[in-house]
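Visitor: Hi, I've just opened this one and need a quick tour. Can you take my questions as they come?

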Amino acid sequence: MKAKYFKASELAKRQDIPDIFQTNNHLIYSSPATLAYNSPGAQGFGVKRAGLSVPESVMLIVSPGCCGRNTSAITTNDDYKHRYFYYLMDETDIVTGRHLAHIPQAVKEVVESLKIKPKVVMICITCVDALLGTDMERVCRKCEALVPGVKVKPCYMYALTREGRKPPMVHVRESIYSLLEKKKRHARHVNLLGFFAPLNDQSELYCYLGQLGITKINEISRMKTYEEFEEMACANFNLILHPEARAAANDLEERLGIGSIELSRFYDLESIHRQYQAFFQVFQKTIDDKQDYQNALKAYESLPHTLHFAIGETLNADSFELAYALLKQGFHVSAIYATYGQHAAYYVKEIAKMSPDTRIYCNNEPSMLYYDMSNITVDITLGKDAAYYHPHARHVFFNEDIQPYGYQGVIDLCTKIGGVL
């Protein structure tokens, strides 16, 4: 038995998505490579940590003990130590839904137990309530009636909906920004939506927004108080930096009239350049990004172009776009471990032209149990999942909280790679 994969040249010719990349067509193999992201409450900003991005908030996790247990690792961080509370469901709760009548009282007890009263209580529920069909919006309204002055919002840690119309990480963003209420707008204010941690302070995006006359850039991760968070409702427009924030941006446009512009994260220099040019044209202005372009190009050129990369999907990048960018710069990409879909079709076609033998695997396809690293050349792995497959290569996880973006993102990546060489 061998791990299943497609060469880029094979995948580029197909009009369909092969079964190995459609996780509803096969069992899920929760290998050590996939455990980092298989649960919406696992590492990084899963639903539970993301829900507490709202300043002055706490969270009540309503779940069986097994679902709440993995939160204990997060509570070792001083920023979260006293912000998680638990309502542990027993078998009767699971069978009858009895817990729903008790949640408002539990929220009341949490609020009353705290010396400093929270402004928001996020209620995190699991697949149990997905199967029960719980109307959590109704439950939250009952909670608010018991704790005047405190807002209560749901967070859905529904792994079952991960590939649905509104996956957990899409819904949690929408839930967070639904707290914003209409305020007087300021023409020179903008919100950056998409990430739960700030961009690198050195990112050129801040400078470019300043060139457009923007005087205030709002990022939820930099907010210290709930009052500061509420000021996001004053923004003239939203910049969507991650596609999972689209639903939240649409809701803000419908409710508050705040329009949005979407900017993607690229590692291909030409794509970064074209996007900035198009962005400035919206404001009928031009941008001189030549120096930033050259700095990023020098970062790529500082690395040996004999390197062979293996790219996973647990990193701050789109795996296929990153492979495309590295190949364009003359590097080698031996393998990609990621879920292929329509979003990646363009990049796979381009990858096939430059590197037809690049292998594309699906991390959670059961045959990955038989992955053989002996017949593939890998010098550097990008992403913790790729590192699992090639323990003897040099590893760049590149999944820190601080987010890389634009030309500075390229420099950040090359700095990390250079650091392990």
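Visitor: Among contacts between residues at least 6 apart in sequence, what share joins residues at least 24 apart?
Guide: In this chain, 71% of those contacts do. Contact means heavy atoms within 4.5 Å. This is a predicted model, where local features need pLDDT of at least 70, side-chain atom pairs count only at pLDDT 80 or more, and totals for chains, interfaces and linings use all residues. Residues are numbered from 1 along each chain as its sequence is written, and side-chain values use heavy atoms, with hydrogens and water left out.

Visitor: Where is Leu27?
Guide: Leu27 is in the loop between α1 and α2. Helices (H or I, at least four residues) and strands (E, at least two) are DSSP runs, numbered from the N terminus.

Visitor: Is Leu27 buried or exposed?
Guide: Leu27 has a relative accessible area of 69%, so it counts as exposed. Buried means under 20% relative accessible area, exposed over 50%, and partly exposed in between (1.4 Å probe, protein chains only).

Visitor: How much of the chain is buried?
Guide: Buried residues make up 55% of the 421 residues.

Visitor: And the overall build?
Guide: The chain has 17 helices and 14 strands. Its C-alpha atoms fill a box of roughly 65 × 55 × 40 Å along the principal axes.

Visitor: Let's do helices. How many residues of α8 are buried?
Guide: 10 of the 10, so α8 is largely enclosed by the rest of the structure. Among them are Met169, His171 and Ile176. The cover includes α2, β4 (120-126), β5 (151-157), β6 (189-193), α10 (226-230) and α11.

Visitor: How do α8 and α11 cross?
Guide: The axes of α8 (residues 168-177) and α11 (residues 246-256) come within 8 Å and cross at roughly 30°. Axes are lines fitted to C-alpha atoms, for helices over the stretch in contact, and angles run from 0 to 180 degrees between N-to-C directions. α8 and α11 are therefore roughly parallel. Angles under 35 degrees count as roughly parallel, over 145 as roughly antiparallel, 65 to 115 as roughly perpendicular and the rest as oblique.

Visitor: Which residues make that contact?
Guide: From α8, Val170, Arg173, Glu174 and Tyr177; from α11, Ala247, Ala248, Asp251, Leu252 and Arg255. By class, the contact of α8 with α11 has 5 nonpolar, no polar and 4 charged residues. Ala, Val, Leu, Ile, Met, Phe, Trp, Tyr, Cys and Pro count as nonpolar, Asp, Glu, Lys and Arg as charged, and the others, Gly among them, as polar.

Visitor: What about α17?
Guide: The axes of α13 (residues 290-301) and α17 (residues 406-420) come within 9 Å and cross at roughly 20°. α13 and α17 are therefore roughly parallel too. The contact of α13 with α17 has 8 nonpolar, 1 polar and 1 charged residues.

Visitor: And how does α12 meet α17?
Guide: The axes of α12 (residues 269-282) and α17 come within 9 Å and cross at roughly 160°. That makes α12 roughly antiparallel to α17. Leu269, Ile272, His273 and Tyr276 in α12 meet Gly406, Tyr407 and Val410 in α17.
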